[in-house]
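Subject: Handover of a protein structure

Dear colleague,

Please find below the sequence and the structure that I am handing over to you.

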Amino acid sequence: MAQNHMVVVFVPRAAAPRPRWWHRLLDPARCHVLALVRDNGVTVALEHIGTVLRVEAMALDLDEAARGLMWAWNAEALRVPMPTVPRRAALRPFLTCVELVKALTGIRSWRVWTPRQLRRALIQVGARPVSPFPEWRTR
């Protein structure tokens, strides 16, 4: 069964991998971002750190992986609808974690540079928060 959404995780400054000098200029609650995508029964985490593009496969459900990262990093996550028609992924120069997620979600705005701006843009296209609790706890 193909999933029609992905999860975008916003990492706070305290848990960001390899803190850089420019992280001080960003929102402390959202200074790094990564994407979780479910494909063929495997959850894939896509993350850009410095000059490295990290791709990690997990044998977890998409929501379970998101909740695990939210718990470990005290992070926030959004469930984002996948574009219905795949656009040409345009990775722009000066690749950042935000540019990677923009390419995956189909956002093409030049005005989105920071994780905070990305969060606002994703909410405008229909993203919803991921609950930190499993479904059985919310009933």
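This is a predicted model: local features need pLDDT of at least 70, side-chain atom pairs count only at pLDDT 80 or more; totals for chains, interfaces and linings use all residues.

Histidine 5 counts as buried because its relative accessibility is 18%, and buried means under 20% relative accessible area, exposed over 50%, and partly exposed in between, with a 1.4 Å probe and protein chains only. Histidine 5 has its place in strand E1; helices (H or I, at least four residues) and strands (E, at least two) are DSSP runs, numbered from the N terminus. Not counting residues up to four places away in sequence, histidine 5 touches Leu62, Arg79, Val80, Pro81 and Met82, where a contact means heavy atoms within 4.5 Å.

Residues are numbered from 1 along each chain as its sequence is written, and side-chain values use heavy atoms, with hydrogens and water left out.

The overall picture

The secondary structure of the protein comes to four helices and six strands. From the N terminus on, these elements run β-β-β-β-α-β-α-α-β-α. Of the 139 residues, 40% count as buried. Among contacts between residues at least 6 apart in sequence, 55% join residues at least 24 apart.

The nonpolar cores

In soluble globular proteins, nonpolar side chains tend to be buried together. A nonpolar core is a set of buried Ala, Val, Leu, Ile, Met, Phe, Trp, Tyr and Cys residues joined through side-chain atoms within 4.5 Å. Which members of the largest nonpolar core touch the most other members? Of its 20 residues, these are Val8, Phe10, Val33, Val80, Leu118 and Leu122. Two or more residues of this core come from each of strand E1 (5-11), strand E2 (32-39), strand E3 (42-49), strand E5 (76-81), helix H2 (97-105) and helix H3 (115-124). H2 gives the most, with four residues. Apart from this core lies another, of 15 residues, among them Val7, Val11, Leu34 and Leu62.

Valine 8 touches Val33, Leu34, Glu76, Ala77, Leu78, Val80, Val101 and Leu122, not counting residues up to four places away in sequence.

H2 is mostly covered, since eight of its nine residues are buried. The buried residues are Cys97, Val98, Glu99, Leu100, Val101, Lys102, Ala103 and Thr105. What covers them includes E1, E2, E3, strand E4 (52-58), E5 and H3. H2 is followed by glycine 106, whose phi is positive, near 85 degrees.

Two packed helices are described by the angle between their axes and the distance between the axes. H2 and H3 pack at an angle of about 15 degrees, with their axes 10 Å apart; axes are lines fitted to C-alpha atoms, for helices over the stretch in contact, and angles run from 0 to 180 degrees between N-to-C directions. H2 and H3 are therefore roughly parallel to each other, as angles under 35 degrees count as roughly parallel, over 145 as roughly antiparallel, 65 to 115 as roughly perpendicular and the rest as oblique. The contact is made by Val98, Val101, Lys102 and Thr105 of H2 and by Pro115, Leu118 and Leu122 of H3.

Two further buried residues

Alanine 35 has its place in strand E2 and counts as buried, at 0% relative accessibility. Not counting residues up to four places away in sequence, alanine 35 touches Met6, Val7, Val44, Ala45, Leu46, Val101 and Leu104. Its C-alpha atom is separated by 9.9 Å from that of valine 55, 20 residues apart along the chain.

Aspartate 63 has its place in helix H1 (residues 62-73). At 15% relative accessibility, aspartate 63 counts as buried. With residues up to four places away in sequence left out, aspartate 63 touches Val7 and Arg79.

Two loop residues with positive phi

Asparagine 40 is found in the loop between E2 and E3. Its phi is positive, about 50 degrees, although asparagine 40 is not a glycine. Is asparagine 40 buried or exposed? With a relative accessible area of 74%, asparagine 40 is exposed.

Asparagine 74 lies in the loop between H1 and E5. Its phi is near 55 degrees, a positive value in a residue other than glycine. Asparagine 74 counts as exposed, at 67% relative accessibility.

With kind regards
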